[in-house]
Amino acid sequence: KKAYNRHENFPPGPPSLPIYGAYWIIVAKAFNNLALATIRLAKEYNTKLVGLYLGPIPLVLVNDSTLIKEVLNREEFDGRLDTVISRARGFWKILGIFFTDGFFWHTQRRFSLRYMRDWGFGRRCNALEETITHDTKEMIDMVQNGTTTDEEKKIVNGNLIYLPHFFDVPFVNGLVQVFVQKTFARKEYSQLWRLGKSALKFQRSTNDLGGALVITPWIKNLFPNISGYNDLTNGTKGISDFYEELIKDAIDTYEDTHERHFFDAYIKKMKQETEENQRTTYSAEQLQLICTDYTFPTASATEMTLTILLERILLQPELQDKIHEELDRVVGRDRMPTLDDRQNLPFTEACIREMLRFETLVPLGVPHRAMNDTTLGGYDIPEGSSVAVNLVALHMDEKIWGDPQNFRPERFIVDGKVQVSLDKSLPFGAGRQRTCEPSGYVIVHGYYLTSGRRLCAGETYARHSMFLIFAAFMQAFQVSTADGKPLTQPAKRIQGIITTIPEFWVRVTPRIG
Ligand code: HEM
């Protein structure tokens with residue numbers, strides 16, 4: 001009787017088993033692929049919304065393109081669950097951007113985006129572009145002119161490069177520049193590779209739904225390894241420790257009169273609020289978690305997208321010829337590509353877009369939480385429910401794409417230009433942060449609260465930097481498998497918070513002397 005106990009008018013779905021509810025039922029539907037499991041459950045129960053329980057937590061899996069967009073754009077679904085994953089990362093408090101919600105999240109997300117922008121984040125910025133290009137060139141140089149340290153040899157071995165970490169440096173150094181207006185020189189790159197490894201460890205520590213750890217946090221004490229708890233905490237620690245020193249140094253050397261970087265803007269606000277108010281959402285710990293939250297996707301998701309794109313290029317070699325033809329025609333070989341070239345390199349750009357659709361990196365998004373009792377698709381959704389959108393269902397919807405199973409960058413190109421309006425994919429989620437003042441703004445504690453949504457806070461940085469790095473990489477190299485044999489099968493996917501493939505070596509043959 002308990003197994004079939006459900007909230008009234010809750011979406012249909014599998015029954016609950018003791019302790020874990022329907023968690024193992026979903027896992028059994030498609031091991032290592034919860035998006036596919038969701039599609040199978042939706043078929044089995046003939047529904048667009050699957051309702052089930054993860055232990056005591058009601059979970060709604062949204063499996064329909066229209067309803068996915070609706071969830072991502074409705075304010076009452078902007079919450080996040082308070083879980084062991086969010087707490088284990090940050091001093092057992094709910095800190096950062098990813099896992100916070102309400103006033104705290106609005107304030108901190110808005111402040112970080114607003115002031116990181118001053119230092120080039122989320123917009124075109126020559127200084128940032130130069131850094132990313134410079135570091136990409138250093139990586140290319142390691143192949144062309146040889147490595148200089150043992151650490152470099154772990155990433156570049158003659159004509160072989162180790163993916164995804166070959167790409168870590170330019171992505172991460174660019175972000176560090178936004179935070180503190182300094183970058184790590186080539187002899188210090190090992191610190192950035194360490195961040196890349198920590199980020200990947202964190203991403204692989206659990207799955208889209210947080211795994212068994214979220215339902216029964218106590219298993220962390222019994223099975224710290226199998227439950228993913230050790231990787232979760234060590235992966236995060238690797239990133240947050242890196243920032244602890246930088247933040248301490250910025251606080252120790254802070255002067256009111258001179259703003260040196262984003263950290264200073266944050267410290268200024270923190271000091272002001274601490275003096276004027278009894279309570280503040282600003283703290284050094286929170287700054288550390290903001291940095292961690294912006295860094296772990298920068299040090300893993302963008303690299304993994306390019307890595308899986310290279311795997312695709314090995315599977316469909318004609319893609320490589322088209323990219324090379326376009327780069328040679330538009331950019332030539334005497335200078336590196338810039339963001340100005342983006343609109344004139346439609347095929348190169350479309351390959352990245354198509355990759356983001358074809359291989360949904362975050363298959364079930366990052367689960368949202370219903371912040372009050374509400375309805376969706378004719379069903380009742382109780383307050384506190386976890387709501388996960390199946391982005392794979394959207395990205396593989398035949399009604400939208402016609403032939404979703406084909407990797408076909410041309411689908412975005414009309415009259416030799418990328419037509420952004422044709423790109424109905426939502427790899428970064430949805431819900432634009434409003435930049436102008438709409439009616440309905442609420443002022444809380446002297447702040448305008450936008451009704452900004454959960455849209456990925458790094459979308460623009462990700463798109464810009466992926467284009468720059470991928471275009472420069474392809475201009476420089478012809479890519480082939482390490483053993484020289486054609487690649488016929490994609491690698492096994494590892495389901496984590498994002499989907500990854502195992503690290504691997506590829507051969508790159510310089511095209512430019
Ligand atoms: C290919 C690369 C990336 C993909 C596919 C991606 C995708 C996503 C998705 C699906 C979400 C969850 C949206 C939701 O809750 O509905 C998200 C959130 C987020 N992403 Fe990204 N992301 C990428 C790169 C980045 C980068 C490079 C950064 C930072 C520079 C970043 C920062 C964030 C942050 C801070 C959030 C949390 C936003 C919030 O909860 O308010 N992401 N991303």
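Helix α8 spans residues 168–180 of this predicted model, and its 13 residues reach 18 Å from the first C-alpha to the last, close to the 18 Å expected at 1.5 Å a residue. Helices (H or I, at least four residues) and strands (E, at least two) are DSSP runs, numbered from the N terminus; the expected span of a helix is 1.5 Å times one less than its number of residues. After α8 comes Gln-181, with a positive phi near 50 degrees.

Because the model is predicted, local features need pLDDT of at least 70 and side-chain atom pairs count only at pLDDT 80 or more, whereas totals for chains, interfaces and linings use all residues. Residues are numbered from 1 along each chain as its sequence is written.

A residue is termed buried if 20 or more other C-beta atoms, placed from the backbone, lie within 10 Å of its own, exposed if 12 or fewer, and partly exposed in between.

The largest nonpolar core has 137 residues, of which Val-62, Val-71, Phe-263 and Ile-469 touch the most other members. Its largest share, 12 residues, comes from α20. Such a core is a set of buried Ala, Val, Leu, Ile, Met, Phe, Trp, Tyr and Cys residues joined through C-beta atoms within 7 Å. Beyond its neighbours within four places in sequence, Val-62 is in contact (C-beta atoms, placed from the backbone, within 7 Å) with residues including Leu-49, Ile-68, Val-71 and Val-387.

The surroundings of the ligand comprise 25 residues, the closest being Pro-297, Gly-429, Arg-454, Cys-456 and Gly-458; a residue is near a molecule if its C-beta atom, placed from the backbone, lies within 6 Å of it. Helices α14 (284–298), α15 and α20 each supply at least two residues of this shell, and the largest share, 4 residues, comes from α14. By class, the shell divides into 16 nonpolar, 6 polar and 3 charged residues. Here Ala, Val, Leu, Ile, Met, Phe, Trp, Tyr, Cys and Pro count as nonpolar, Asp, Glu, Lys and Arg as charged, and the others, Gly among them, as polar.

Cys-456 is listed by UniProt, in an unreviewed entry, for "binding site"; such annotations may be inferred rather than shown by experiment. Cys-456 lies in the loop between β12 (447–449) and α20 (459–476). With 19 other C-beta atoms within 10 Å, Cys-456 is partly exposed. Residues up to four places away in sequence aside, Cys-456 touches Phe-428 and Gly-429.

Conventions. Two residues are in contact if their C-beta atoms, placed from the backbone, lie within 7 Å.
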